[in-house]
Every structure is written in structure tokens, then in C-alpha cells.
Amino acid sequence: MLHPSAQSRQDGHKVNRKIISKLQDSYLVTKTPASRKAKGSGRRKNSKSSKKTDSWFKRLGKWILRALLKLMLWTTLFATLVGLGFGYYLDRTITKTFEGRRWSVPAQVFAQPLEIYAGQRINKAQLVEELGRLGYRSDANLTAPGSYNSNGATLSTHLRGFDFMEGSRPSQRVKISFQNGVINRVQAKDNSEIPLIRLDPATIGSFFPSHGEDRLILTPEQVPPLLAEGLKAIEDRNFDDHRGFSITGILRAAWVNARSGTRAQGGSTLTQQLVKSYFLTNERTYERKLREVAMAIILELRFSKEDLLTAYINEIFLGQNGARAIHGFGLGSQFYFNKPINELAVHEIATMISIIRGPSYYNPFRHPERALARRNRILDTFLADGLISNPRHQDAIGSPLGVVSSPNSGGAYYPAFMDIVRAELSERYSASDLRSQGLRIFTTLKPREQENAQKAVTSTLQMIEKERKLAQGSLQAASVITDTQTGEILALIGGRKGRVDGFNRALNASRSVGSVIKPVIVLTALEAGLDWSTLVNDTPITMTSDSGELWTPRNYDGKTRGELPMIRALAMSLNLAMVDLGNTVSLGEVQRRFTDLTGYAPKNRYPSFFLGAESMSPLQLTELYGNFASGGFHTTPKAVIAVLNERGQALSHHPFDLTQSIRPETVASLNRGLEIVMSHGTGRSSPFSKQGVAGKTGTSNDNRDSWYAGFDNSKLSVVWVGRDDNKSTGLTGTSGALRIWNNMHVSSGVDPIVHNPADNLVEIEFATGMRAAKSCADVVVIPIRRPDTLPIKLGCGVRKTFGQRLRSIFNN
Amino acid sequence: MNIKLCISLLCIIFIGGCAGNQGPSASDSRASSGQSRTAENSNKPAAPPKPAKIKPAPPKNSAAKILLAQADTALTQQAPAQAIVLLERAIRIDPREALLWIRLSRAHLAQGHTQAASQHARKAIALAGSDAVKTGQAWLQMADVLEAQGERQQAASLRRRYARYAG
């Protein structure tokens with residue numbers, strides 16, 4: 001096959017040969033007839049030159065025409081291919097995104113529900129607060145689920161239905177009676193007794209994608225008809241008829257833009273808005289618009305109108321809550337009105353629709369007048385379109401915006417607790433499962449505890465900073481609160497600002513624990529057969545490490561106290577005495593016990609470990625103290641109870657997991673000692689110190705860290721206070737962390753520790769460890785294995801036992 | 001000197017005698033007395049009357065009591081997983097009730113989780129405290145766990161010791 005140019009050259013040669021032949025023919029003819037020769041010689045000449053010119057132009061023209069045709073053909077072919085490829089790309093992109101987002105249901109995380117039964121210790125005000133947290137509203141008629149009515153000593157409520165782990169509980173009306181801060185009766189609508197019922201649990205978060213979008217997915221059946229019709233009326237009147245874009249809309253927008261000289265208006269349909277929302281861009285260019293239109297057309301071709309409208313309702317951006325973007329009406333309803341979408345009134349639906357046009361501009365919290373004006377225009381449109389009746393319109397127009405700026409808007413949001421939920425689940429579920437499978441996660445969190453603890457942390461730090469003239473915001477804190485018997489985490493505070501998703505100090509701040517570690521030494525000593533009355537030396541000591549380094553510990557006040565009983569050494573947190581005790585039982589043995597109780601070996605292998613030169617996080621310390629608070633059982637603090645799939649089937653249940661770690665009588669004895677720490681030692685400044693609580697304070701070197709770990713009958717709490725830059729705070733465990741713990745218990749008080757009456761309790765003098773009686777000053781009651789071996793404090797009226805008298809005879 | 005020596009020898013004998021009598025705790029002594037009564041009865045010509053079953057006091061907390069009853073139903077219906085969920089809920093309400101932990105141990109045992117069953121039985125023993133009936137039932141539950149773990153002798157020994165509390 002010839003190259004086109006070669007072909008063209010060959011064709012040219014053929015043409016030339018024909019011309020020459022024709023010229024020769026004409027020459028021969030003119031030579032033969034003489035008359036013709038004279039007549040037309042001049043004309044022939046002209047004709048010859050004209051013929052020559054025409055052929056050349058004609059040929060050139062034809063050639064150009066052919067070339068142009070070829071060029072067009074190739075260009076068209078190329079453009080078609082590119083267009084098809086781009087169309088395919090757009091189709092793939094938008095369809096994949098739509099399908100992915102449509103079924104991408106973030107896992108929902110629930111707190112523990114409040115149990116309601118006769119005998120439950122909760123007063124009416126607290127229950128109202130709890131209902132308010134769940135978005136219940138006061139309504140004398142209890143017309144709809146999510147309402148309550150307080151009347152005298154009773155509170156009636158219309159509970160929302162909920163799918164619990166064990167099954168569904170439909171919505172129902174309940175009457176609760178109170179007496180002396182306790183529920184004394186729970187009745188159904190027909191006055192029959194209800195022995196046990198629970199509130200619906202608070203939604204405390206969901207696992208939304210890393211770019212911060214959160215949503216609560218609604219199915220088409222869950223979308224209120226007024227919302228669907230209202231959206232169409234306001235945002236896209238021709239939604240049911242168009243094929244993804246509206247020419248009239250675009251022309252109108254173009255006209256407005258041309259007149260204003262800016263790109264002020266977009267003629268987007270709901271489908272186009274949906275496309276725009278998927279790709280997170282507000283860029284206003286014609287290129288983007290074209291792409292948007294193309295994608296909208298593709299979506300319309302591929303999916304039904306109902307699918308598209310539902311996707312829009314679940315997708316549209318409705319505001320920002322810190323780092324969390326509020327997407328969709330499901331979550332928007334919780335965020336702005338603190339209730340589920342099916343409970344929204346007409347004016348509330350109109351408010352939500354009004355926000356779409358500009359979530360920032362029409363933010364009802366920041367710009368209520370603007371939002372109200374737009375809401376009322378929307379209500380007028382509802383009326384004009386026959387979506388609502390005149391009385392409903394009047395009623396709605398007269399209603400306030402009704403948005404609630406409660407801390408629980410958008411579902412209670414506890415990022416610090418969510419961190420541990422995420423960590424626990426990461427062992428069993430992938431991140432994509434959590435973000436897309438619609439899992440339902442039931443957790444151990446008690447919102448009341450969480451809110452109370454967070455409030456105590458924030459207010460106490462502010463108070464301390466003010467009192468000590470420290471820079472505002474310089475102090476930080478963290479806390480973990482667990483159930484003493486099950487080890488379940490009831491609250492977790494990651495920093496002084498609860499709703500900020502930042503560095504989680506409760507899980508990740510590993511700091512020297514100071515004296516809170518000392519109970520491990522005492523436990524080892526008790527297990528080795530020593531007693532609370534055993535004398536230890538609070539005298540100067542210098543120890544040499546293997547590398548020859550000298551270590552000379554000191555007491556916090558720099559003083560020494562000589563011989564004193566073990567209980568006093570622990571209660572007063574005397575460093576020298578505790579080092580002496582540690583040396584008596586050996587560092588290796590103390591560290592072995594530490595490993596048993598925490599599940600990991602300490603990092604510090606030197607005697608400074610005795611004084612808490614060991615970094616731990618508040619969560620790790622909680623695990624250690626859980627052994628004491630539970631009565632001798634090791635539990636790993638846990639946050640997840642169960643995970644259900646979207647159909648309500650259990651995927652995993654996380655049962656109680658405990659292992660006996662300390663003998664019951666030994667741990668009972670240790671806990672008595674920790675109670676004395678509170679009543680007579682470093683915890684005595686606490687207003688609860690003599691109310692049956694056990695605990696230990698801790699302070700690290702240079703007052704960098706302030707710790708408190710303590711428990712009552714039902715709750716174990718660990719509190720840390722320090723600075724993020726690890727500089728000195730000037731606080732001890734008592735003046736920092738313990739104050740926070742005190743404030744955590746101001747409103748609810750403490751639940752005193754219940755003792756086993758079989759404890760071998762003996763009264764001893766706190767200062768000397770001698771056997772004494774209550775009539776003597778400074779006496780503590782504590783289990784002693786061999787009370788008959790104790791020396792007796794004279795003048796206390798303690799009579800020697802027969803054995804003691806025999807022994808004294810023998811000794812003499 | 002001789003007098004002192006005699007006194008101290010007497011003392012040693014006395015203390016030694018006391019040490020030899022260590023053993024049954026309050027609950028144990030009740031258990032042994034129960035056994036001796038059974039032995040006495042067996043000598044009588046007539047068939048011994050069946051000792052009345054000793055039932056532990058139900059949970060004081062009304063909610064825990066209801067959940068315990070539901071869990072017992074679930075256990076009889078061979079639904080230990082459901083029983084575990086109910087019992088854990090009950091324990092969240094009343095965490096120091098030994099009976100709930102005994103049943104939780106039973107539910108785990110029914111599921112073949114002997115390790116969990118053993119630890120929950122221990123928890124029940126620790127919480128039962130001075131309640132002899134609950135202590136006895138907790139030990140009997142431990143006997144069941146031990147048997148499932150292949151420790152038949154220990155299980156039998158515990159059953160003999162706490163037979164009186166068999167429900």
C-alpha cells in the first residue's frame with residue numbers, strides 16, 4: 001500500500017501525462033487544416049492557457065476539500081472516542097459514589113440505657129434531666145413518643161420504641177412515682193405494674209469517614225412526607241419531571257448572573273445538588289457545571305426518583321459541629337432539635353429546609369432572625385402549594401424556631417469514650433465495616449456519669465488555675481470511671497474540653513504515677529505475711545544501682561519519722577518507709593505482683609519503682625486498681641457490650657471477663673488500709689474521707705503529675721492532672737486530682753464500701769501500731785492476723801488476753 | 001524455772017490442740033452437722049425424710065430478681081446465650097448479688113466456657129460472704145465447673161461438703 005503522499009504524487013504524474021498527450025493531439029490537428037490555422041490561432045492560444053489554469057485550481061480545490069473531509073472525519077472519530085471514554089468515566093464515578101454512599105451506613109454507638117424499676121435510686125429531677133438528654137419534651141397530653149409530663153410526685157412519659165439487644169420494645173406510656181429520691185412504682189397506661197423497663201439509650205456517636213462527615217441514614221419509609229414534598233417545593237419544583245437538569249433553571253440562573261455580573265445563582269436541581277455534595281466542592285465554573293449536569297443525567301438514567309430523593313435527604317450538608325460535619329436530615333434533626341426526624345413538627349421541618357440554602361448564613365443558632373424569616377417564607381410556600389392547611393400554617397408561623405443548643409445536640413458526642421470503643425472494636429472489625437455496615441454498637445457508657453465527670457474536671461481546673469494564678473487553660477486532666485465489679489467503663493474523660501476530638505490523655509498520656517503505686521508494695525507485704533502493724537523504717541537510705549549510680553530518696557516534706565507501722569507509712573505516703581518495706585519484700589516480688597495485676601511488666605527495673613517512677617496511663621492505672629476495687633479480680637476495663645448487625649442479629653457479645661488475682665481476705669485487708677489512707681492520711685481533706693471510700697493519692701517528681709485513684713462500693717475512679725508540656729503544676733495528688741474526684745461526687749455522694757463481717761478487725765494506734773481501744777486518740781480499725789502478738793497501748797483500757805499474759809510470763 | 005517451763009509446755013500443747021481443730025469455717029461446720037444428721041437418720045429403720053431444700057434468699061433488688069427468673073427460664077430452655085445477656089443486665093443493676101454470678105457461671109458452663117464459668121463461680125464465692133446458703137451454692141457451682149474440667153475428685157469432695165445446699 002502506498003503512502004497517501006506517494007499516491008498523490010503518482011496521481012499527479014498521471015494527470016501530467018494526460019495533459020501532454022492532449023496538447024500533442026491539438027498540435028497535430030492545427031497543422032493539418034490550413035484554414036483553421038488562420039481562423040482560430042489566437043483563440044486557441046487563449047483556450048489553451050485557460051484550460052491549464054482551471055485544472056490546476058480545480059485540482060487544488062478538490063484536494064483541499066478531500067483533506068478537510070478527512071480531517072473532520074478523524075476529528076469526529078477522535079471526539080466520539082474521547083466523549084465516550086469521559087462519559088464512561090463519569091458514569092463509573094457517579095454510580096460508584098452513589099452506590100457506595102447509599103449503602104454506606106456508619107455504625108451507630110449507644111450508651112447504657114437507664115433502667116426504671118421500683119427501688120431505683122433516682123429522683124424526679126434527675127429523671128427529667130435524663131429524658132431531656134434524650135430529647136424528650138414536656139407535653140401534658142403525651143401525644144407522641146418522646147414526651148413526658150411531670151405532675152406532683154409522678155412523672156408520666158411516652159417512651160420511644162427501641163430495638164434492644166434482647167429484642168424490640170414498642171413505644172409505650174409509663175407512669176413513674178417517686179418517694180424520697182427513689183422510684184417506688186412504675187405503672188403502664190392501664191395502671192398495671194411494670195416491674196422493669198428502660199429508657200431508649202442515647203446515641204453517642206457513629207463511625208463516620210475520616211473527613212468528618214457524620215450522618216444517620218434514613219430509609220424512604222422513615223422520611224416524613226412533608227419533608228419530601230417540601231424539599232421539592234422549595235429546592236426543585238420540577239423534580240418529578242426533569243431528567244437531572246432543568247434548562248429553565250439554568251437559563252434563569254444565567255440571566256441573573258449576567259445581570260449581576262457575578263456567579264450569584266446556580267440553577268441546580270436536587271439531583272445536581274446531590275452530585276455537588278458528593279464531590280465536596282463549591283467551585284463555580286462552567287466546566288464543573290457541565291460535569292455536574294452530565295453526572296445528574298447519568299444518575300437520573302440509572303436510579304429512581306425515590307432513590308435520588310432519599311440519597312439527597314441523607315447526604316445534604318446541614319452544618320458543622322466542631323470537627324464534625326452534619327450531613328443529612330436524620331442527624332440534622334438530632335443536631336438542631338435533639339429528637340428523631342419522625343418527631344419533627346411542621347415549623348421544624350421548614351427550618352431544616354431553610355438551612356440547606358446556606359448552612360452558615362442561615363445557621364439558626366447564630367442568625368436566628370435570618371433563619372426565622374426564611375423559615376416563614378418556606379411555610380408560606382407550603383401553604384400555597386397545599387402541603388399544609390391554613391390552621392397548621394398559622395400554628396407553625398407562630399412557633400419559635402425551636403432549635404436546642406443543648407450539649408447533646410446531634411446525639412451526645414463523647415469523642416474520648418469513642419476512642420476506646422474504636423480501639424476495642426478494631427480487634428474484630430475493619431474500619432470500613434464500621435463506616436459502612438450499619439452496625440449497632442451497645443456500650444457501657446453512662447451519659448450522666450460522663451457529663452458529671454466532665455463538668456467536675458472543667459470547673460475544678462478553672463478553679464485551681466484561678467486560685468494559684470496559673471495561666472488559664474495551662475492545666476490538663478483525664479479520668480476513667482469504671483464499675484467496681486464488672487470493670488465496665490462508665491465514663492472516660494480525655495481532657496478538659498469534653499467535646500473536642502483531640503489528644504486522649506486517658507488512653508495515651510503515659511505519666512509517672514508517683515505514690516499511687518504504693519498499694520502494690522503493701523499487697524506484696526501482706527501476702528508475704530506482714531501485718532499492718534509491722535514496723536518499717538522511715539529513715540534516710542541510699543541505694544546503689546548495678547551501674548554504680550546512687551539513689552537517695554526523700555520524703556515529700558523532707559522529714560524522717562523513724563520506726564512506724566506499715567499502715568501509717570501507706571496512709572501518710574512516706575517514701576523512705578515504703579522503700580524500706582519494698583526492700584523487705586524485694587523489688588522482684590513487687591514487680592511480679594504488678595505484672596500479675598496489670599498484665600504487663602513494668603519498664604522501670606530499679607528501686608525508684610517503689611515510689612512510682614513508672615509511667616502509666618490513667619486507663620492502665622484503672623486496670624491496676626480494678627483488682628482492689630472488685631475484691632481481688634482482674635478485669636480489663638471494657639467499653640463495648642455487644643455489636644449487632646443492621647438486622648439486629650448479634651455479631652459479637654463482649655461478656656464480663658475476670659480472673660481472680662488476689663485472695664479475698666488479703667484484698668479486703670488492703671482495702672481497709674486504703675480506707676484509712678482516706679480517713680487518716682493524704683486523703684483526709686476530702687469531704688467524703690470518712691464515708692467509706694478507699695483510695696490513694698500520688699504526686700510525681702517536681703509536682704509534674706497529680707494522681708488520685710479511689711473507689712466506693714460501686715465506682716472506681718482514676719484522675720490525673722498535669723500539663724501537656726510536662727512542666728511542674730505545683731499540685732500534689734491531694735490538691736489536684738483528689739479535688740476533681742471530690743467534685744465528681746458533690747451531687748450524688750458516695751456509695752460506702754460494704755465490708756464482709758468476717759474480717760478480723762482490731763483497733764490499733766495509728767502512730768505506733770500498738771493495740772488500742774476506741775477510747776484512745778488516733779485509733780484505726782484494721783484486720784490483723786495475729787492480734788495477740790501486738791504490744792498493747794497502755795492507758796487505753798485494753799486488757800491482755802490469756803495468751804498474751806502467758807507470753808509475757810514466758811518472755812520475762 | 002521449772003514452773004515456767006511446765007507452763008510453756010502446757011501452753012504449747014494447748015495451742016497445738018487449737019491448731020489441730022482449725023478447719024471448718026462457720027459454713028463448713030453447718031455442712032458437717034448436716035452430714036452427721038443425715039448419717040443419724042440413715043440408722044433409723046424407717047426411710048429417712050428427705051431434707052428440705054435450702055433455697056437462697058432471692059435478690060433484694062426487684063429488677064435483678066425478675067431478670068434472674070427470666071434467665072432461669074432461658075437456661076431451662078437451653079438458651080444459655082440469652083441467659084448470659086439477661087444475667088449481665090441484672091449484674092449491672094445489682095453487681096454484688098452472688099446468686100446472679102452463680103447463674104452466670106452456670107450459663108457459661110452450659111456454653112462450654114469452663115474458664116469463664118470457673119471465674120464467675122469464684123466471684124460468687126467472694127461475694128457470698130457470710131451468707132452460708134449462697135456460699136454453699138457457689139461452691140456447688142464450682143464443683144460442676146471442676147467436673148466439666150475433669151477434676152472429678154475435687155468436684156465430688158465439694159459436693160459432699162456442700163450437699164446440704166444443693167437446690
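Good morning. I begin with B:His120, which is found in helix H6 of chain B, spanning residues 114-128. The model I am presenting is a predicted one. In this model B:His120 counts as buried, at 1% relative accessibility. Which residues does B:His120 touch, leaving aside those up to four places away in sequence? In chain A they are A:Phe656 and A:Leu658, and in chain B they are B:Trp101, B:Leu104, B:Ser105 and B:His108. This histidine therefore has contacts in both chains, given that contact means heavy atoms within 4.5 Å.

Let me turn to chain B as a whole. Its secondary structure comes to eight helices and zero strands, and along the sequence the pattern reads α-α-α-α-α-α-α-α. Chain B has 167 residues, of which 41% count as buried. Among the contacts in chain B with a separation of 6 or more, 57% are made by residues 24 or more positions apart.

One example of residues at such a separation is B:Ile66 and B:Ala90, which are 24 residues apart in sequence and 8.6 Å apart in space, C-alpha to C-alpha. B:Ile66 belongs to helix H3 of chain B, residues 62-76. Its relative accessible area is 24%, so B:Ile66 is partly exposed.

I now come to helix packing. Two packed helices are described by the angle between their axes and the distance between the axes. In chain B, the axes of helix H7 (residues 132-148) and helix H8 (residues 152-161) come within 8 Å and cross at roughly 160 degrees. That angle makes H7(B) roughly antiparallel to H8(B). Their crossing is left-handed. The residues of H7(B) that meet H8(B) include B:Trp139, B:Leu140 and B:Leu146, while those on the H8(B) side include B:Ala155 and B:Leu158.

Helix H7 (residues 270-278) and helix H9 (residues 305-315) of chain A pack at an angle of about 45 degrees, with their axes 10 Å apart. H7(A) and H9(A) are therefore oblique to each other, and this crossing is left-handed. Among the residues that meet here are A:Leu270, A:Leu274 and A:Tyr278 from H7(A), with A:Leu308, A:Leu309 and A:Tyr312 from H9(A).

My last topic is the aromatic rings. Over all chains, the count comes to 18 aromatic pairs. In one of them, A:Phe110 and A:Phe162, the ring centres are 5.1 Å apart and the planes stand at 85 degrees, so the pair is edge-to-face. A:Phe110 lies in strand E1 of chain A (residues 108-110) and A:Phe162 in strand E6 of chain A (residues 162-164), so the pair ties together parts that are 52 residues apart in sequence. Are these two phenylalanines, A:Phe110 and A:Phe162, buried or exposed? Both A:Phe110 and A:Phe162 are buried.

Another edge-to-face pair is formed by A:Phe594 and A:Tyr600, at 5.6 Å centre to centre and with 85 degrees between the planes. A:Phe594 has a relative accessible area of 0%, so this residue is buried.

Elsewhere, A:Arg374 lies over the face of A:Tyr362, at 5.4 Å from the ring centre.

Thank you for your attention.

Notes. Residues numbered from 1 in each chain as written. Chains lettered and ligands numbered in written order. Predicted model: local features only at pLDDT ≥ 70, side-chain atom pairs only at ≥ 80, totals over all residues. Heavy atoms only, no water. Phe/Tyr/Trp six-rings, centres within 6.5 Å; stacked < 30°, edge-to-face > 60°. Helix = DSSP H or I, 4+ residues; strand = E, 2+ residues; numbered from the N terminus. Buried < 20%, exposed > 50% of the residue type's maximum accessible area, 1.4 Å probe, protein only. Lys NZ or Arg CZ within 6 Å of the ring centre and 35° of its normal. Axes fitted to C-alpha atoms, helices over the stretch in contact; angles between N-to-C directions. Parallel < 35°, antiparallel > 145°, perpendicular 65-115°, else oblique. Left-handed = near helix turned anticlockwise from the far one by under 90°.
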